[in-house]
Amino acid sequence: MFAAKSHTSRHRIAIVTMACLCVLLGGPSYAAGAESLIIAGATYYEPGVSGPGWAWTDADHLELNGYAGEAIGAEGDLVLTLAGQNSVTESHAPNADITLCGMEVWGNLALRGTGALSATGSQCGIHASQALVVDGCTVDARADGADITDEAVAGVIAGDIAVRGGGRVVAVGAGSGAGVLAYGVYLQDAGIGAGAAGCQLSVDASWLDAAGDDGGVACTGGSLVSARFVTPVGGAFGAGGVVDASGGMAPHVVVEPDVATPPAGETDGRDVPGDSVEKSPTDASPAAGEPTTGPTANPALKPAAATTKTTTTVTKATVSTPSRPKTATATTAALPKTADNNWITASVTLFILGTALLAAAYRC
């Protein structure tokens, strides 16, 4: 009888142990990366698809090589690798999920590669609900404000933005509708952070050219690493964005790699290795006076408004941006991860432990 009870007990231990392992090794129920992709007028829910100039290789990775077509959208984090010249344009189809931007990502968006991307829309060229990273590639984002009222209009709208690795960004926003505020780069909290933790602009040895009637760059803070303001001369980060020497919002902001001691208002300025030529403050375009050995040409910049603004803050609560109800999470300027290595390690450890427990149970 004792033997029978012992045998039954061992079976119960085995069943419970295996059940626990199945639950634990099953891992999270969510998939990394984008849950869906909208491109060329169609919606896809599984990677492994492609079309002219594009390939969705895995959940968080999209490749563009010579793509020229309708807007691109993604639900979740996305890494976009660029090769050659690419362009996305706002879709005007009445049943389209993306109607206001050239590119719209509800999550973190990382743009990288040796290519270029031109994105245009009525409210924004590129919209990322969380962090936008431009790493080494060339980006031209523009919004014309067509049929937009009581909204913020900008070439780039995001939570945070980081330009690094020699990346080049041109962002232009325009609009004449009632209640429209036009910016080159507009960084909004959107519930993902506050104060020093949100709405941050970071430029590291790279180029940024942003223009808008109400401000070239609207943000709550920022930092320049191996980079400096070329326009406005004596620019600085104010309470609501980049301001000129008078303290007014600068309608045109140009940041270039640093070649000398940075002016007042900048942080962490250092020399760029191998760049020994001082750039003139009048050389305001990334397309002028910069290396031309890259694989693509720099986008041309539309003339910026000449009016000097006197306001020093941006009332972001009074304007709205592309509106789709999403659950916001913490913003990060790092590239989205493609795998959860910690979970894999824990799963392997639990599997070994479970196997040992099973062996011990049967020995008893």
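Reader: How many aromatic pairs does the structure hold?

Author: Rings of Phe, Tyr and Trp (its six-membered ring) pair if their centres lie within 6.5 Å; planes under 30 degrees apart count as stacked, over 60 as edge-to-face and the rest as tilted. The structure holds three such pairs. One of them joins tyrosine 183 and tyrosine 186, which are stacked, 5.1 Å centre to centre with 25° between the planes.

Reader: What kind of model is this, and how are the residues numbered?

Author: This is a predicted model, in which local features need pLDDT of at least 70 and side-chain atom pairs count only at pLDDT 80 or more, while totals for chains, interfaces and linings use all residues. Residues are numbered from 1 along each chain as its sequence is written, and side-chain values use heavy atoms, with hydrogens and water left out.

Reader: Are tyrosine 183 and tyrosine 186 buried or exposed?

Author: Buried means under 20% relative accessible area, exposed over 50%, and partly exposed in between (1.4 Å probe, protein chains only). Both tyrosine 183 and tyrosine 186 are buried. In the chain of 364 residues, buried residues make up 47%.

Reader: Which ring does arginine 168 lie over?

Author: A charge sits over a ring if NZ of Lys or CZ of Arg is within 6 Å of the ring centre and within 35 degrees of the ring normal. Arginine 168 lies over the face of tryptophan 207, at 3.9 Å from the ring centre.

Reader: How many helices and strands does the chain have?

Author: Helices (H or I, at least four residues) and strands (E, at least two) are DSSP runs, numbered from the N terminus. The chain has two helices and 27 strands.

Reader: What is the order of the strands in the open sheet of nine?

Author: Strands of a sheet pair through backbone hydrogen bonds, either parallel or antiparallel. Two strands count as paired if DSSP finds at least two bridges between them. The open sheet of nine strands runs E3-E4-E5-E8-E11-E14-E17-E20-E23, and its pairing is mixed. At its edges are strand E3 (49-51) and strand E23 (221-225), each pairing on one side only. Inside this order, strand E4 (residues 54-58) and strand E5 (residues 61-65) are antiparallel, with four bridges. Tryptophan 56 stands opposite leucine 62 in E5.

Reader: What is the order of the open sheet of eight strands?

Author: That order is E6-E9-E12-E15-E18-E21-E27-E24, again with mixed pairing. Strand E6 (68-70) and E24 are the edge strands with a single partner each, so one side of each has no neighbour in the sheet. A parallel pair is found in strand E12 (residues 116-121) and strand E15 (residues 138-143), joined over six bridges. There, alanine 116 has threonine 138 in E15 as its bridge partner.

Reader: Why is strand E27 described as largely enclosed?

Author: Six of the six residues of strand E27 (residues 252-257) are buried, so the rest of the structure largely encloses this strand. E27 pairs antiparallel with strand E21 (residues 207-212) over four bridges, and alanine 211 stands opposite histidine 252 in E27. Four bridges also join E27 to strand E24 (residues 227-231), again antiparallel. In that pairing, alanine 227 stands opposite proline 257 in E27.

Reader: Which residues touch the most other members of the largest nonpolar core?

Author: A nonpolar core is a set of buried Ala, Val, Leu, Ile, Met, Phe, Trp, Tyr and Cys residues joined through side-chain atoms within 4.5 Å. The largest one has 50 residues, and Leu64, Leu109, Leu111, Ile126 and Leu132 touch the most other members. Its largest share, three residues, comes from strand E8 (residues 78-83). A second, separate core has eleven residues, including Ala152, Ala154, Ala218 and Val243.

Reader: Where is proline 232, and what is the peptide bond from threonine 231 to it?

Author: Proline 232 lies in the loop between E24 and E25. The peptide bond from threonine 231 to proline 232 is cis, with omega near -5°.
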